[in-house]
Amino acid sequence: MMPVPSSVPQPKDDFQEELVIRPLHSGDIYASFQFRTLWETDFMRGNKVSHYRLFPKSLGQVISKFSVRELHISFTQGYWRTMQWGQPFLPSPPGAELWVWFQDSVTDVDGTWKELTNVLSGIFCASLNFIDSTNTVQPSASFKPLGIGNVTDHRFLRYATLPREIVCTENLTPWKKLLPCGSKAGLAVLLKSEKLFHSSFHSQAVHIRPVCQDWQCKTTSWELRQTLNVVFDLHTPGQGKLEWSLFKMFSRTLTEACPLASSSKIYIDITDDPQGEQFEVSPATHLLSQAMVLGDRRTFSVYDLTQQITFGTVRSLNLLIRWKSRDMLRPLLHAERYVAGYGLQTGEIHTLMYNNHPYRSFPVLLLDSVPWYLRLYIHTLTVTSKGKDNKPSYIHYQPSKDRVRPHLLEMLVQLPPNSVTEVTVQFERALLKWTEYTPDPNHGFYVGSSVISSLVPSIVAMDTNSTREQPLFSSFFPCKEESSYFMRVYTEPLLVNLPTPDFSMPYNVICLTCTVVAVGYGSLYNLLTRSFQIEEPSPGLAKRIANIIRKMRGVPPL
Amino acid sequence: MAAPLTLLLLVAVTVRAALYRSSLADLISERVEVVSPLTAWKRVVEGLALLDLGVSPYSGDVFHETPLIIYLFHFLVDYAEITFMLADVITAVALYLSVKDYNKQVFRKQKYALEADRYPLDCLELIRSPKEMQYIPLKVAMFYLLNPFTILSCVAKSTCGLNNAVIALFVLSTIKGNSRTHSSPAEGNSIYPLTLCAAALLYLLQRQYIPVNLRRFSFWWFVAQYAFMYLGSLFVIVGLSFFLLGSWDFLPSVYGFILSVPDLTPNIGLFWYFFAEMFEHFRLFFLCVFQINVFFYTVPLSIKLKEHPVFLIFMQLAVISIFKSYPTVGDIALYMAFLPVWSHLHRFLRNIFLVSCVLLACSALFPVLWHLWIYAGSANSNFYYAITLLFNVAQILLVSDYFYAFLRREHHLSHGLYLKRKDGSEATLVLK
């Protein structure tokens, strides 16, 4: 940390940045940026924190005003293809996802949640104000706190997704502004929106949680992680050659580390190529490091940007990776989801979960939040593995209330080894009021991704010591036991069509229906208020005129 | 009479059992014309499944039956088909017995009127004979049991069949004059049969020979007794419903649902598309208008038909079936079962051919246009809505036609059949 002479006691904060580049087996390139700020302070106590240095003030004020204990927000464009790309370091569903644990001092969680979503909507220039009670749920088991804290009363947890949310430069710019160096120095100079959004997958997230500073957890500090995952496509025009460089991916090279960062590193995953047969990296480096991540021990070439020697004589770093050949791998846990059925009346949601471990079975928690206008019938829920019924050991189901809250289904399912488990549930599509449809009603309605959380058995022993110095990408999810690691898989969002009324007809419908009711009223009114009388035939027109003239003359009529 | 009735019941049960065993049963239980969010069997099963999961069925928006249905089907869910067939049989037998009793009373009143010489001489052909009235109860039972609407409703296991059974038992106990068994379970499952209590009250007054005179004490005393008994049984039913789940959640879920119409699933009624296209500002206003419309005809009809309470029951049932918030074909089948009772009015009916053609055509077009909208995607909701409108107009015409014929016959019975004008030529009757 750079010593800054001042008479005010310095808040003890620390900033680290890192970039992990992993060549994927399909030929794509996965780049994961993580920026972490650790700050030993207490937002919760009465003294208002006013001297912000590395920690962004807007987020600090959000934490103290809304008594937030943990906040996780992600914006994703595209869908992570687990089968081709393996597991991401930080999974996220398409669209926007927000889940927050509040402190137990909050009395009105729903009101605070509403205000928080509106404030975050302003901070990130996203339409998070569309989060309301119709798409918010309180999962009972799937989203346990990732930081310290032993409060597990899920009344203080709120989870919402907006699968329809688009991510663009407008969201990236305020995200970059939260970084201590902005986008002027360090790894953040690579974040140019023109290249970043020209990719197969782009996800930016902000995670705030309290963590322990040391082993005994005597002091706690607040951790802010800003992560950005991006996958570049091999077949993007101009990238026909099997060769990647920082300049080609980001149209920039690196010239210096962020001066405020205590550590600034680039990791290139060379596990699949220890002898340099599949690809070669230049400029070469002798710094190697090993880390346990996603149940596997992986080897990385490290480039330390705080060392001037990394930049060489040209004073800029442009990493180059040249391919030689390719191979394939299968992830242990993988899921798919689709809608079956035809017509606009009913349908069926099928979720398939694949367990590719050869001999171990493990339990997974499936969380499904389905909007209220797809009425689920829970008695049609079936879970089958390998053709046989597989009864879940824990089901938490909260039925929806029209226009108030969505369905919440959480299940604990044991996945047998080397098998596919299929979860099906039938639903009925509702007809909404004409004002409740979006301007493009025939596009369909989005159903947020299902979340599958599980502790997957790992091949190597995981490191449970959370305070040891580790690269950021392997220290996100807390590790409680050595034999397994925590993984979260998001399925595809669904697009479902609903029957639509004719939007051009409100006045016509009102008139026609009121006419029918009036026909009923009129006939019954006639029969109730009139009585039968003998009809006297009325004389012809000539006679009537003659009678009128006669009356005027005072003469008796014809 | 027992033998033909038994034969009819056997045929009806056979037809239903055959349809249960066929693949049509699943298809029919999905049809929106036959089941509604209030009466669908799928939702009853869902409610029972939620109860098994430990969640209250009324915490969501899928189950809208009273807790009495949970009581009943908690034990009978495996025998559901037999329950619904039995409900149809009970309805038919109740209607048979009540129409038989009613005919006896009609004939007795007619005999007294003839002896008192109250009918003009030329309307003797309007007098009804026992011979023509002999087969009417059987025809009523047949109209109910073999009506395709009833069969569809039974095969779909729509709880409308249970509602109809309860209403039929209510009518039976009214006509038998047995005020001890006379209660308000009809009120239990939906609020609209409330309007039938006025008709039942008038019938019981007539049976006890208490004239409907607002100044007399005996009238008010009887009304008070009846109201007390009716409200008492209503409280018993609501209290029983409360004690099942120990909460009042079912009140907004059942009665609040019927009155506020939040679910806009298409059906054969007028409410769904009207409120799907309603401007938000006017929603409450039109909701009140439409709901009042159902109850509003009670007082005028009771005043006009105070001498003929059974026809009033028929009119009320028809008005409820047409204008209720979630009608199904099972409701229509109930009031159509009464039509043979008024078969002597056929010479005064004016539109019966048009109405029956329209009803047949609409019944055939409903599934076609639904398929075109929901499955083929080549029509839109307006097509289905148009057929809904036409179907309801036809029903309104049918009901008002019978009302016209009834009133006209009454007029002829007091003024003579062949009317002459002042100059002796044949007269025409109009409503003025």
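**Entry 1: the largest cavity**

Which strand of chain A gives the largest share of the lining of the largest cavity? I began with this one, keeping in mind that the model is predicted. I found that strand 7 of chain A supplies that share, with 4 residues. The space inside the largest cavity comes to about 160 Å³. I counted 19 lining residues, and those closest to the centre are Leu90(A), Pro91(A), Ser92(A), Glu97(A) and His207(A). Besides strand 7 (201-212), the elements of chain A that give two or more residues to this lining are strand 3 (68-77), strand 4 (95-102), strand 8 (220-232) and strand 25 (484-490). Sorted by class, I get 9 nonpolar, 8 polar and 2 charged residues here.

**Entry 2: the other cavities**

I then looked through the whole structure and noted 8 cavities of 30 Å³ or more. The lining of the second largest cavity divides into 5 nonpolar, 7 polar and 3 charged residues.

**Entry 3: the largest pocket**

Next I turned to pockets. How much space lies in the largest pocket? I have about 1300 Å³ in my notes. Its lining runs to 38 residues, and nearest the centre I find Lys109(B), Gln206(B), Glu307(B), His308(B) and Glu410(B). Four helices of chain B are listed as giving two or more residues to this lining: helix 5 (80-115), helix 11 (196-207), helix 17 (309-323) and helix 20 (381-415). Helix 5 of chain B gives the most, with 8 residues. By class I noted 19 nonpolar, 8 polar and 11 charged residues in the lining of the largest pocket.

**Entry 4: helix 17 against helix 20**

The crossing is left-handed. From helix 17 of chain B, the contact uses Phe311(B), Phe314(B), Met315(B), Ala318(B), Ile322(B) and Phe323(B). Helix 20 of chain B answers with Asn392(B), Gln395(B), Ile396(B), Val399(B), Tyr402(B), Phe403(B) and Phe406(B). I get 11 nonpolar and 2 polar residues in this contact, and no charged ones.

**Entry 5: helix 19 against helix 20**

Helix 20 of chain B has another partner in my notes, helix 19 (residues 352-376) of chain B. Are these two roughly parallel or roughly antiparallel? Their axes cross at roughly 160 degrees and come within 9 Å. Helix 19 and helix 20 of chain B are therefore roughly antiparallel. Here too I wrote down a left-handed crossing. The contact of helix 19 with helix 20 has 19 nonpolar, 4 polar and 1 charged residues.

**Entry 6: two backbone angles**

Asn418(A) has phi near 55 degrees. I located Asn418(A) in the loop between strand 21 (407-415) and strand 22 (419-429) of chain A. In chain B, Tyr209(B) has a positive phi of about 60 degrees, although it is not a glycine. Tyr209(B) sits in the loop between helix 11 and helix 12 (217-245) of chain B.

Key. Residues numbered from 1 in each chain as written. Chains lettered and ligands numbered in written order. Predicted model: local features only at pLDDT ≥ 70, side-chain atom pairs only at ≥ 80, totals over all residues. Heavy atoms only, no water. 1 Å grid on protein atoms, 1.4 Å probe; cavity = no way out; pocket = protein on both sides within 12 Å on 5 of 7 lines; lining within 4 Å. Points joined across faces, edges and corners; volume = space filled by probe spheres on them. Nonpolar A, V, L, I, M, F, W, Y, C, P; charged D, E, K, R; others polar. Axes fitted to C-alpha atoms, helices over the stretch in contact; angles between N-to-C directions. Parallel < 35°, antiparallel > 145°, perpendicular 65-115°, else oblique. Left-handed = near helix turned anticlockwise from the far one by under 90°. Contact = heavy atoms within 4.5 Å.
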